[in-house]
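Thanks for sending this one over for a read-through. Please open the structure beside the text and look up each residue as you go.

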Amino acid sequence: DRTQYDIDIFKSYFRRIDKIIEKGKITTDNQFYDINSLVNQLCQYEPIDNERIEKLNCLLVKYEKRKSKQK
């Protein structure tokens with residue numbers, strides 16, 4: 001309030017998420033954790049955005065499959 005700046009601490013987080021969704025592919029473990037956290041978050045809010053959760057879960061599953069093949 002004192003500085004007159006509007007600070008949004010989640011802005012960069014959501015920007016990162018949006019870039020991952022645009023790319024259509026998770027490429028790092030950190031991205032995986034970010035997406036996973038967002039899915040957990042989205043499941044707790046009403047109304048539940050099933051379409052977005054489904055897209056994100058699909059990205060998570062694809063990444064897990066790629067990671068398991070690499071081992």
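The numbered points below go through the model, one topic at a time.

1. **Ground rules.** This is a predicted model, in which local features need pLDDT of at least 70 and side-chain atom pairs count only at pLDDT 80 or more, while totals for chains, interfaces and linings use all residues. Residues are numbered from 1 along each chain as its sequence is written, and side-chain values use heavy atoms, with hydrogens and water left out.

2. **The core.** Let us begin on the inside. The largest nonpolar core has 14 residues, and I26, I35, L38, V39, L56 and L60 are those with the most contacts inside it. A nonpolar core here is a set of buried Ala, Val, Leu, Ile, Met, Phe, Trp, Tyr and Cys residues joined through side-chain atoms within 4.5 Å. Buried means under 20% relative accessible area, exposed means over 50%, and partly exposed is in between (1.4 Å probe, protein chains only). Two or more residues of this core come from each of α1, α2 (29-42) and α3 (50-70). Helices are DSSP runs of H or I with at least four residues, numbered from the N terminus. As background, nonpolar side chains in soluble globular proteins tend to be buried together.

3. **L38 up close.** Which residues does L38 touch, not counting those up to four places away in sequence? They are Y13, F14, I17, R52 and L56. Contact means heavy atoms within 4.5 Å.

4. **A nonpolar patch outside.** Now turn to the surface, where Y5, I7, I9, F10 and F14 form a nonpolar patch with about 610 Å² of accessible area together. Such patches are made of residues with over 30% relative accessible area and no salt bridge; nonpolar side chains (Val, Leu, Ile, Met, Phe, Trp, Tyr) are joined within 5 Å, and like charges within 9 Å. The areas come from the Shrake-Rupley method with a 1.4 Å probe, and for residues only the protein chains shown count as cover. One member, I9, is in the segment before α1 (11-23). I9 counts as exposed because its relative accessibility is 65%.

5. **Q31, a buried residue in α2.** Is Q31 buried or exposed? Q31 has a relative accessible area of 17%, so it is buried. This residue is in helix α2, and a polar atom of its side chain lies 2.6 Å from the backbone nitrogen of T27. Beyond its neighbours within four places in sequence, Q31 is in contact with I20, K23, K25 and I26. For a sense of scale, Q31 and I7 are 24 residues apart in sequence and 23 Å apart in space, C-alpha to C-alpha.

6. The structure holds 4 salt bridges, a salt bridge being a side-chain nitrogen of Lys or Arg within 4 Å of a carboxyl oxygen of Asp or Glu. Side chains of opposite charge can pair when their charged atoms come close. One of these bridges joins the side chains of D34 and R16 (3.1 Å, N to O). The pair links distant parts of the chain, with D34 in helix α2 and R16 in helix α1, 18 residues apart. D34 counts as buried because its relative accessibility is 18%, whereas R16, at 39%, counts as partly exposed. Leaving aside neighbours within four places in sequence, D34 is in contact with Y13, R16 and I17.

7. **D18 and R52.** Another salt bridge joins D18 and R52, whose closest N and O atoms are 3.6 Å apart. Since D18 lies in helix α1 and R52 in helix α3, the pair ties together parts that are 34 residues apart in sequence. D18 is partly exposed at 35% relative accessibility, and R52 is partly exposed with a relative accessible area of 26%.

8. **E51 and K55.** The side chains of E51 and K55 also meet in a salt bridge (3.9 Å, N to O). Both residues lie in helix α3, 4 residues apart, which is about one turn of the helix. E51 and K55 are both exposed.

How values were computed: A polar contact is a pair of N or O atoms within 3.5 Å; within protein, one must be able to donate a hydrogen and the other to accept it, and residues adjacent in sequence count only if both atoms are side-chain atoms.
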